[in-house]
Amino acid sequence: MSSSTPTRPVEPLKSGAAPAPTLKILGQEQHADNPAQKFLRDAAQKSADIVHRDIIRRNMESYQAAHERGRARFKDWEAARRRCQEIKREAVNHLDKYLLQFEANVTARGGRVFWAATSEEACAYIVELAQRHKVKTVVKSKSMVTEEIHLSPALEKIGVTAWETDLGEYIVQLRNEPPYHIVTPAMHLMRDQIGDLFRERVDPNLSKTNDPQELVAAAQRKLRQAFFSAEMGISGANFIVADPGVIAISTNEGNGRLTTSVPRIHVAVTGIEKVIPKLEDLATLWPVLATSGTGQPVTTYGTLIGGPRQPGEADGPEEFHVVLVDNGRSGLLASAEQREVLHCIRCGACMNICPVYRHIGGHSYGTIYGGPIGSVLTPHLRGPEFDHLSYASSLCGACTTVCPVRIDLHHHLLQNRRDSVEEGHTAGGGRAQWKIFSKAMQSPRTYALGGWMMRRGLRALYALGLAGTALDPMREWSKKRAQVPLPKQSFRAQWRSGLGGK
Amino acid sequence: MAASNSSRELILERIRAGLRVPVAAAEPSPALSDAFAPVENPLERFQTEAKANLMECFLTADAPRSADQLVATLRSLPEGEIFVQDAPSLRRLLEMANPQRAVRWSSEGAPREASQATITLAEALVAQTGSIFVTAACGGRGASVVAPCHIVFATTDQIVPDLYTALSGAQKQGRLKQHSFACMISGSSRTADIEKILVQGAHGPRRFVVVLQKS
């Protein structure tokens, strides 16, 4: 990528403290306890956790079946994907026009639109609003952008209690954990764990049957009090519709409805890229989002909000604020090849299909957005210390095939890797290893010599009983896997001796 | 005093600078009819989809039968106040039904937290997805979410074939210019956040009843 097309944010989110001592892992410049090192440690631990893998496998199989049924309901799923791609392409390629149109329409109904360049600005605006209105309790419906800007800790600092009201978000909030998945935040937990948690934190008298119906009812009773005592409701937005100037929120539980109906003030926090041109676009986007997110034909509540309570309306908040968050997104517009990353509608389909995500789980990424889209986006939003995520992929391309807006995700991961190398974020050792590998791959003689030395060397090493010791180059591989059987001949020799003819 | 918005111009400037970089031309977008099959029989389709959405849909022949259905639904609910959208057609229906319960009309304010049911009209019914489209004119925001049971009284001529027709109709009539809120409701409140097991009635109505009167 040329220097005239920067993809890093102009003002990085984290200015960063003094660098810690450096290590070198997988060709990346590493720091003690830095995100890359933590990722490797957590990913290794989670991928060896059979119970965790089993939970995720069952969840994903259930999703997969629903997703297939959902796709079959379309006359042509590919045509629907292409329509979504074009809607988002039109919106992002005219982002300024549509955002201004949205702002004008919301303002005309008495709403307020605030533009936040950074997470700090977004939080400061909401904190000031809460202080001005003497807010003590806030109810939140699911919003990944509020996670991204760390809104809840900012509110807690001024003494405001923030309740997550989506059931999955509420569960992980009680556990002091970040969401595991952008659509199913508590996917990694079994009902018995949730039952124990609820008896400890929600209702000590809850029966030990851990029936999901009872668990949901217990959360509902508790959160009902929060809804009706909160002065402020904070939501995200799945889409912001330029004409007629409304936010669109998709929820199944109804918590988003209560959050935006009952409290005196409603604040919607959303990324600038969520804009779409017109209301009719939802006729395609709503069914595609629901199918990709959960396999449903359409989400239970497709809510549209364009302002505070209007004269003659029975209820609704007195104030309506929309916080448009940039936080590095506008930097991606200048990249001709990666601008389409801003088309993402946060359905989670790429995570569900990703073999890496299925093994290492959502928390190992150490970021708000996990899986393929998170690995593409996070280095742009949070800087080069997250470049390692672009390597958290087998490049199988499954993510690209399921993306409902047809983002070429696996190629963007490759582009991120290339940019990371070109911008000098990789360690010298790593570059040297790749150079040697490249030379060997281009020279049959060198490749054959390397293979011969490896076979002979490993055979000798294993004969001496040194497998798994510091001298074994396969030690890391064999730690959690069966030892690789050593072939007597190279593949090329086997081919010549008849393998190719079979 | 609200925080100043000095970043507005900065963000717009960044966006415009980024957009000056040319990108590949867009491919022609497929038509909506390429992606979604046409809806052949809207009434039948609505009933099928509504059932799949776990709604209770009762087709009635006339107003007295609708009143009977309303009475039957209300009898199945616990004692307590109901909230009703203040509209002439619903006043007539309630008069016929005579539900023997305290009634709070939307003209008196928002539904109370303890409401046992809400009764509203709808802007349109969508056959493609079995959805009910409401705006703030249908009793307000809380009318479709606060109580454990939401009853919608509608007529078959309100059924439109698909989402596109419902949304473009609302747009043409300026429904979202006039009102601060609208919602496409496709069933009862639900969650599958615990082991992907479906539970009906999370924060919104557990029951969603449509009394659909023939036009």
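**Where chains A and B meet**

The contact between the two chains takes 80 residues from chain A and 66 residues from chain B, where two residues are in contact if their C-beta atoms, placed from the backbone, lie within 7 Å. On the side of chain A that touches chain B, the residues divide into 39 nonpolar, 22 polar and 19 charged; here Ala, Val, Leu, Ile, Met, Phe, Trp, Tyr, Cys and Pro count as nonpolar, Asp, Glu, Lys and Arg as charged, and the others, Gly among them, as polar. This is a predicted model, in which local features need pLDDT of at least 70 and side-chain atom pairs count only at pLDDT 80 or more, while totals for chains, interfaces and linings use all residues. Residues are numbered from 1 along each chain as its sequence is written, and chains are lettered from A and ligands numbered from 1 in the order in which they are written.

A sheet runs across the two chains: it is open, has eight strands in the order β10(A)-β7(A)-β8(A)-β11(A)-β9(B)-β6(B)-β5(B)-β8(B), and its pairing is mixed. Its edge strands, each pairing on one side only, are β10 (275-278) of chain A and β8 (159-160) of chain B. Helices (H or I, at least four residues) and strands (E, at least two) are DSSP runs, numbered from the N terminus, and two strands pair if DSSP finds at least two bridges between them. Strands of a sheet pair through backbone hydrogen bonds, either parallel or antiparallel. Strand β11 (residues 301-305) of chain A pairs in the antiparallel sense with strand β9 (residues 181-185) of chain B, over five bridges. Within β9(B), A:Tyr301 has B:Ile185 as its bridge partner, and A:Thr303 has B:Cys183.

A:Ile194 is buried because 26 other C-beta atoms lie within 10 Å, the cut-offs being 20 or more for buried, 12 or fewer for exposed, and partly exposed in between, with C-beta atoms placed from the backbone. Leaving aside neighbours within four places in sequence, A:Ile194 is in contact with A:Ile171, A:Leu189, A:Leu215 and, from chain B, B:Ile194.

Chain B itself comes to seven helices and 12 strands, and its C-alpha trace spans about 65 × 55 × 45 Å along its principal axes. Of its 215 residues, 49% count as buried.
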